[in-house]
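Student: Could we go through this structure together? I would like to learn where each label comes from.

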Amino acid sequence: MNLDFSDDQKFLQDEAKKFFDKEGGLANARAVMDNSLDGDEKLWQKIIELGWTGVRIPEAYDGLGLGHLELCVIAEELGRSLAPVPFSSSVYFFTEALIKFANEEIKSELLPKLVSGDAVGTYGIAEDTHQATESNLNVTVTSEKISGIKIAVPDAGIASHMILVVKSESGTDLRLVDLNDTSVTVTPQKNLDTSRAFFKVEFKDTPSKLLGETGKGWTYIQHLLDQAAVLFAFEQVGGSQAALDMAKAYSMERFAFGRQIGSYQAIKHKLADMYIAVTLAKSNCYYGAWALSSESAELPLAAATARVSATKAFQLCSKENIQTHGGNGFTWEYDCHLFYKRSKVLSVLLGSEATWKEKLVSNLEKTNTLAKG
Amino acid sequence: MDFNDTPEQAKFRAKCREWLEANAELKENKSSGHTDSTLEDHLKVAKAWQQKKYEAGWAMLHWPKEYGGIEASPIERIIWGQEEAKFNVPGGIFEIGLGMCGPVMMQYATEDQKDRYLAPMAEGKEIWCQLFSEPAAGSDVAGLRSKAERDGDDWIINGQKVWTSGAHYSDFGILVVRHDPDVAKHKGLTFFFVDMKSPGITVKPIKQITGQAGTGAGFNEVYFDDVRIPDSQRLGEIGDGWKVAITTLMNERLAVGDARGSDIEEALILSKTKDDAGEAMIKNDSVREKLADWFCEANGLKYTKFRTISALSKGEAPGPEASITKIVSANKLQEIGNFGIDSDDMAGMLIDENDGVSSFQGAWLGAPGLRIAGGTDEILRNVIAERVLGLPQDPRADKGLAFKDIPTKA
């Protein structure tokens, strides 16, 4: 039994933690928020210099050629520090899509640029405030040209390229577009967590390239969502743990009625429940990490489980961190709201908790027996 | 990451498996279970199985070699436990003796006493129980009031213990009592072992909310009326009772694991197979939501356990993650039991004439006890908060007071 990261992976995680701390930790997210930026360009450049955008990219394309487990440990630290960078869009989604589904020509052109930072990718799924399904897509491809509007696209202000799922003659396609094409209009959208930036992206006969086979777009995007769900779950666990740590530290230094508030059971039990939620989420993430890295057929179930569990943990920890801080927790000055807002964005970014619970149960419906632990 | 044994572990597992296959029946082929047997029959079968394990060296894996153990590593104990659980063998009788009483005897008893008591304990010839909790001392067990008074070379014990598993069939017990009410709560305790057949000991089974009493590893009240214990059966110094008790309670925490009973598998099977107004229950959205929540909990616990085992497997000390197990599993059990009963709608309260209490009903009836036994949900949250997260202890109203001055009522 070895449900653990290797020493090298733990070392990488430790380095990532030190890196984000050294670069300013939460102050970066706050600066992006206060200055209405699209992201922290300096932090992003340093991440590129560390080679992390190429973690999964094969060495033949200038990447590090490592596995998903290395991404998992970096994701946890990104989540802990609420790093305001397009890492998830570009690395968990875009890069994975190219590695899995792109032809050689696209790979040779773009993968080295993703490593060097000359290209940044993102993805588009949502088109309105309803859950996107295979049958309700309105963005359409005709003769390789895409028209329509994707909304809530993360990081499109920084990204040079985008993958998107669109309606095609054979059903749905997964397609690649160059966001610098003059036919593309990118407009910022206001959102709850201004440490992250979201955009409306409008296409008018925009040239595109097919990824994989036509008609399989929806299947591909589901697979990419499953993969990303595991990585985002690690981010959520990192954020949950940071919110719990913050609540704990405050409960030790704040006095009320002549005692540390952390000596009251009302606070202790709240924090114990946060610890329980984080622990369950983390263990479900390990299961997800195993399924992701071993390309297991259990990935859809493991991803949904990690996602639901981590979404619940981060939402609980971030809201109860505010509660533990009392009035201070409701001020802009304290960092509590950074976690609260990020937890909300992460909880809907890949589809809501209800959506993923439905995926989880649909997968349970398909299984006949469950292995007992 | 993988779920495989190391070569040494695989070898050990094969060894366990080989012996078990030669000496017991796999659960799949069970035809004549022990479920309907009387307590006497169950004890007989359990003792015979323990004896068999003892002779082959499987009875007390973690014990030191000098007392007949093989000094198995924690991971080897887990492997043995996993393999033994696949076989239709009796359990639940010797865990307290081997897990808690044996180690405390090894640490504190005289050489003669160890020679006399440890082997019969391991062999299953003598059964041991643990006498700690009292009617007025549950979570605050150090507030116990049973008295020990010195009389020459003996001590005279008076008082009452409660929730003593297996007292009705035990031969010996470990006991913590108060020898001095004039000093602080934790300082006035002394630890003994006692012959459960001593004059003055009365064991009364507790009828639980399940309606069960005295069957299997049932619970008891144990009364002490002028019971004489020789001073030679004292374990540790006079006044060291709490220190000795803590050692044994630490061993208990390791032993308390998952709440057994209806889990997500059973809820899932029921949801798929049972109709609700003409449609499988699993088609109901509120059912789907519950299944998702329980799966996240059950799966989270499963892989939490795997993380602990992984650490042990590498010879590392596991993290504190296992501290969540009982609190999560006992509450989940209660909810799933509740769900199973509700699935019968207006007839959910009925007990089947032939089959008796269903496993969902059993889960619902038993879960309240599991949320209390071995540390209540509330105590366990305190433990997580204080020992895992490092939060300060509650201020204590009994701090600095002599035991006799501690308030006991409003």
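**Labels and their cut-offs**

Student: What does A:Ser293 touch?

Tutor: A:Ser293 touches A:Gly67, A:His68, A:Leu69 and B:Met1, leaving out residues up to four places away in sequence. Two residues are in contact if their C-beta atoms, placed from the backbone, lie within 7 Å. Keep in mind that this is a predicted model: local features need pLDDT of at least 70, side-chain atom pairs count only at pLDDT 80 or more, and totals for chains, interfaces and linings use all residues. Residues are numbered from 1 along each chain as its sequence is written, while chains are lettered from A and ligands numbered from 1 in the order in which they are written.

Student: Where in chain A does A:Ser293 lie?

Tutor: In helix 8, residues 265-293. Helices (H or I, at least four residues) and strands (E, at least two) are DSSP runs, numbered from the N terminus.

Student: Why is A:Ser293 called partly exposed?

Tutor: Count the neighbours. A residue is buried if 20 or more other C-beta atoms lie within 10 Å of its own, exposed if 12 or fewer, and partly exposed in between; C-beta atoms are placed from the backbone. A:Ser293 has 18 inside 10 Å, so it counts as partly exposed.

Student: How far is A:Ser293 from A:Cys72?

Tutor: Their C-alpha atoms are separated by 9.7 Å, and the two residues are 221 apart along the chain.

Student: What makes the phi of A:Glu144 worth a look?

Tutor: Its phi is near 70°, a positive value in a residue other than glycine. Most residues other than glycine have a negative phi. A:Glu144 sits in the loop between strand 2 (140-142) and strand 3 (145-154) of chain A. With 14 C-beta neighbours inside 10 Å, A:Glu144 therefore counts as partly exposed.

Student: And B:Trp163: buried or exposed?

Tutor: Buried, because 20 other C-beta atoms lie within 10 Å. B:Trp163 also has a positive phi, about 60°, although it is not a glycine. Its place is the loop between strand 3 (154-161) and strand 4 (172-178) of chain B.

Student: How is chain A divided?

Tutor: Into domain 1 (7-116), domain 2 (121-215) and domain 3 (218-366). These bounds come from an automatic or database domain assignment. Ala, Val, Leu, Ile, Met, Phe, Trp, Tyr, Cys and Pro count as nonpolar, Asp, Glu, Lys and Arg as charged, and the others, Gly among them, as polar.

Student: Which helix of chain A gives the most to the side that touches chain B?

Tutor: The contact takes 40 residues from chain A and 41 residues from chain B. Helix 8 of chain A gives the most to the chain A side, with 16 residues. That side has 18 nonpolar, 14 polar and eight charged residues.

Student: How do you know that chain A is as compact as a globular protein of its length?

Tutor: Chain A has eleven helices and ten strands. Its radius of gyration is 21 Å, close to the 21 Å that the globule rule gives for 373 residues, so chain A is as compact as a globular protein of that length. The radius is taken over C-alpha atoms, and the rule is 2.2 Å times the number of residues to the power 0.38. Of the 373 residues of chain A, 55% count as buried.
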